[in-house]
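Subject: Structure for your review

Dear colleague,

Please find below the structure that I am handing over to you.

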Amino acid sequence: MDFDLDAGWQIQPAGGSTGAAFVGMRAQEKIFLKRNTSPFLAALSMEGISPRLIWTKRISSGDVLTAQEWLNGRTLTRAEMADTAVAKLLARVHRSKLLKKMLQRVGGLTVNSDHFLQQYYLNLSSDLRRHPLLKQVLTFLIQNKPVFDPEQLEVCHGDLNHKNWLLSEQQRLYIVDWDDAMFADAAFDLSTILCQYVPRTQWNRWLCDYGIASDANIIQRIEWYGFLNLLLGVKRFYNEQRYHEMNQALLQLRALFTTRSGQ
């Protein structure tokens with residue numbers, strides 16, 4: 001692929017499932033390149049949520065190429081997702097007026113509970129339709145859709161697994177891979193972290209670090225999206241024939257569902 005860069009640049013794939021990310025190297029310079037990322041990236045860079053955006057250009061193929069500073073560092077461990085720094089950075093995302101304004105400007109998608117349920121139903125295999133636990137959880141989700149003011153939708157990342165959190169050598173924390181950014185209930189993002197990584201006994205503390213009080217409404221919304229995320233995970237693993245991971249997700253779903261609040 002021709003990146004239309006100056007002479008001397010060496011380009012290597014940076015990994016990832018999309019094949020759209022690359023590392024550019026020239027002498028002592030090193031940059032992170034990505035094809036067709038959202039123009040929303042500029043606002044994330046300005047807010048210090050993602051690594052600094054250096055330039056954006058349209059190349060001869062018609063693709064838009066972005067270059068960000070390369071940061072030496074590492075992704076967070078699963079245990080580190082319970083840290084205060086994670087809660088505080090996510091709070092900055094959800095409360096940023098700039099991010100909300102910019103995502104609106106680039107036509108960010110608004111997503112609600114019905115959208116996620118439809119996503120699960122779409123092309124669902126007969127095996128999963130018949131699974132007793134999945135049927136039970138799905139019935140619960142349909143009967144207990146979260147009550148939420150649509151005027152309070154926030155900018156959500158949409159895929160906050162621990163591999164999308166980058167800790168630089170300077171101990172600066174960033175969130176990367178914003179291709180799924182959307183307007184949604186903040187509880188959707190919160191559920192990814194709390195239900196997957198944070199022990200239930202620490203939820204109140206983590207939410208306090210995030211800046212809100214833990215009440216029945218937010219807990220029920222977090223649980224609802226947590227169940228939904230696990231259903232989507234089971235479906236994805238089944239379709240990809242990753243049966244060990246599917247069974248792990250089923251065990252996690254059973255544990256979370258049987259200990260849900262309000263029983």
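A cavity, as the word is used here, is a set of grid points where a 1.4 Å probe fits but cannot get out. Please bear in mind throughout that this is a predicted model.

With that definition, a search of the whole structure returns one cavity of 30 Å³ or more. The largest cavity holds about 40 Å³ of space. Its lining consists of S191, T192, C195, Q196, G226, N229, L230 and Q252. The elements that contribute two or more residues to this lining are α7 (186-197) and α9. Of these, α7 provides the largest share, with four residues. By class, the lining of the largest cavity has six polar residues, two nonpolar residues and no charged residues.

Helix α9 (residues 216-239) also packs against helix α10 (residues 243-258). Their axes come within 8 Å and cross at roughly 160°. Angles over 145 degrees count as roughly antiparallel, and α9 and α10 are therefore roughly antiparallel to each other. Their crossing is left-handed. On the α9 side, the contact involves G226, F227, L230, L231, V234, F237 and Y238. These meet Y243, E245, M246, A249, L250, Q252, L253, L256 and F257 in α10. The residues of this contact divide into 13 nonpolar, two polar and one charged. G226, L230 and Q252 take part in the contact of α9 with α10 and also belong to the lining of the largest cavity.

The other helix pair to report is α7 with helix α8 (residues 203-210). They pack at an angle of about 135°, with their axes 12 Å apart, which makes α7 oblique to α8. The crossing of α7 with α8 is right-handed. A186, L190, I193, L194 and C195 in α7 meet W203, W206, L207 and Y210 in α8. This contact has nine nonpolar residues, with no polar and no charged ones.

The lining of the second largest pocket divides into five nonpolar, five polar and four charged residues.

With kind regards

Terms used:
Residues numbered from 1 in each chain as written. Predicted model: local features only at pLDDT ≥ 70, side-chain atom pairs only at ≥ 80, totals over all residues. Heavy atoms only, no water. Axes fitted to C-alpha atoms, helices over the stretch in contact; angles between N-to-C directions. Parallel < 35°, antiparallel > 145°, perpendicular 65-115°, else oblique. Left-handed = near helix turned anticlockwise from the far one by under 90°. Contact = heavy atoms within 4.5 Å. Nonpolar A, V, L, I, M, F, W, Y, C, P; charged D, E, K, R; others polar. 1 Å grid on protein atoms, 1.4 Å probe; cavity = no way out; pocket = protein on both sides within 12 Å on 5 of 7 lines; lining within 4 Å. Points joined across faces, edges and corners; volume = space filled by probe spheres on them.
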